[in-house]
Amino acid sequence: QGGKFLCSLRAARIFPPEKRGGMVMKKITIREIARIGIMAAAVYVASAFLQVPIPTAIDNTRLHMGNVMCLLSGMLLGPLQGGLAAGIGSMFFDLTNPAYIASAPFTFIFKFVMAWICGKITSGRSAHLKQRYVVGGIAGAFAYVVLYLSKSFIEHRFVLGLPLEAVMLTVTQKAVVSSVNAIVACVVAVPLGLALRPVMAKMIK
C-alpha cells in the first residue's frame with residue numbers, strides 16, 4: 001500500500017521531477033515527507049491547543065493560531081508541499097473534533113488553497129522578498145476567509161434551510177472572527193517566515 005501511495009504522489013507530480021541523462025526521474029524523498037509531516041503536526045497543534053472557541057447565532061467559530069502555521073507552511077515548503085501540510089494538519093483537527101468532523105474535506109481543500117496561494121507568491125526568486133511575503137500572506141488568508149464564509153452561507157441557508165436573518169448574523173460574526181484570524185496570521189507568519197527562510201534553504205540543500 002505504501003508503495004502505491006508513493007507512486008500516486010509521483011504520478012501527480014506533487015514533488016518536482018529531476019532530470020538525469022535526458023530522462024525525467026520523479027521521486028519523493030524521506031526528507032520531503034518528514035518536512036510535510038512536521039509542518040502538518042505544527043498546524044494541528046496550533047489549531048487544537050492555541051484556540052478560543054466563540055459561539056455564534058447558529059453554531060460556533062474560533063480564534064486560533066492554526067492559520068499562522070498554514071501560511072508558514074506555504075512560505076517554507078512551497079505551494080504543493082505547503083498546501084499538503086496545511087490541509088492535512090487542519091483536516092486532522094476536524095476529524096478529532098465532533099463539532100467539525102463533517103467539515104473535514106472542505107477544511108482540507110480550503111487550507112490547501114490558502115497555503116498554495118501563499119507559497120506560489122513567496123517561493124522562487126529573492127527579489128522583493130519582503131513585499132512578496134506580505135502579499136502572499138494577505139492573498140492566502142483572504143482566499144481562505146472567502147471560501148470559509150461562502151461555505152458557511154451556502155450550508156446554513158441552502159442545505160439546512162435556516163432563516164436568512166440568522167444565517168447573515170452568523171456569517172457576520174464569523175467574518176469578524178475570521179478577519180482577526182487572518183490579520184494575526186499575516187502579522188505573525190510573515191516575519192517568522194522571513195526569519196526561517198535561510199534555515200529552510202540550508203535544510204533543503
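Mentor: Helices (H or I, at least four residues) and strands (E, at least two) are DSSP runs, numbered from the N terminus. What you see is a predicted model, where local features need pLDDT of at least 70, side-chain atom pairs count only at pLDDT 80 or more, and totals for chains, interfaces and linings use all residues. Residues are numbered from 1 along each chain as its sequence is written, and side-chain values use heavy atoms, with hydrogens and water left out.

Trainee: Okay, so what does that span rule say about H3?

Mentor: Helix H3 covers residues 66-77, which is 12 residues, so at 1.5 Å a residue the span should be 16 Å. Its end C-alpha atoms are 16 Å apart, which agrees.

Trainee: Is H3 buried or exposed?

Mentor: Buried means under 20% relative accessible area, exposed means over 50%, and partly exposed is in between (1.4 Å probe, protein chains only). For H3, 12 of the 12 residues are buried, so the helix is largely enclosed by the rest of the structure. Among them are Gly66, Cys70, Met75 and Leu77.

Trainee: What do the buried residues of H3 pack against?

Mentor: Helix H2 (30-49), S4, H4, H5, H6 and H7. Contact here means heavy atoms within 4.5 Å. Just after H3 you'll find glycine 78, with a positive phi of about 90 degrees.

Trainee: Let's zoom out. How many helices and strands are in the protein chain?

Mentor: Seven helices and four strands. Along the sequence they run α-β-β-α-β-β-α-α-α-α-α. The chain has 205 residues, and 40% of them are buried.

Trainee: You mentioned H2 earlier. How far does it reach?

Mentor: H2 has 20 residues and reaches 28 Å from its first C-alpha to its last, close to the 28 Å expected. Its buried residues include Glu32, Arg35, Met39 and Val43. As a group, the buried residues of H2 pack against strand S3 (51-55), S4, H3, H4 and H7.

Trainee: New topic: how much space lies in the largest pocket?

Mentor: About 520 Å³. The pocket is found on a 1 Å grid over the protein atoms alone, as an open set of points where a 1.4 Å probe fits, with protein on both sides within 12 Å along at least five of seven lines; lining residues have an atom within 4 Å of a point. There are 30 lining residues, and the closest to the pocket's centre are Asp94, Tyr100, Ser103, Thr107 and Tyr148.

Trainee: Which helix gives the most to the lining?

Mentor: H6 does, with seven residues. The elements that give two or more residues are strand S4 (60-64), helix H4 (79-95), H5, H6 and helix H7 (164-204).

Trainee: Tell me about threonine 107.

Mentor: Threonine 107 lies in H5 and counts as buried, at 12% relative accessibility. Setting aside neighbours within four places in sequence, threonine 107 is in contact with Ser90, Met91, Asp94 and Phe112.

Trainee: Back to H6. How many residues does it have?

Mentor: H6 has 31 residues and reaches 43 Å from first C-alpha to last, close to the expected 45 Å. Phenylalanine 153 lies in H6 and is partly exposed at 25% relative accessibility. Not counting residues up to four places away in sequence, phenylalanine 153 touches Phe158, Leu164, Val167, Met168 and Val171.

Trainee: What sits on either side of H6?

Mentor: In the loop between helix H5 (104-122) and helix H6 (129-159) you'll find histidine 128. Histidine 128 has a phi near 55 degrees, a positive value in a residue other than glycine, and at 58% relative accessibility it counts as exposed. H6 is followed by glycine 161, where phi is also positive, near 65 degrees.

How values were computed:
Grid points are joined across faces, edges and corners, and a volume is the space filled by probe spheres set on the points. The expected span of a helix is 1.5 Å times one less than its number of residues.
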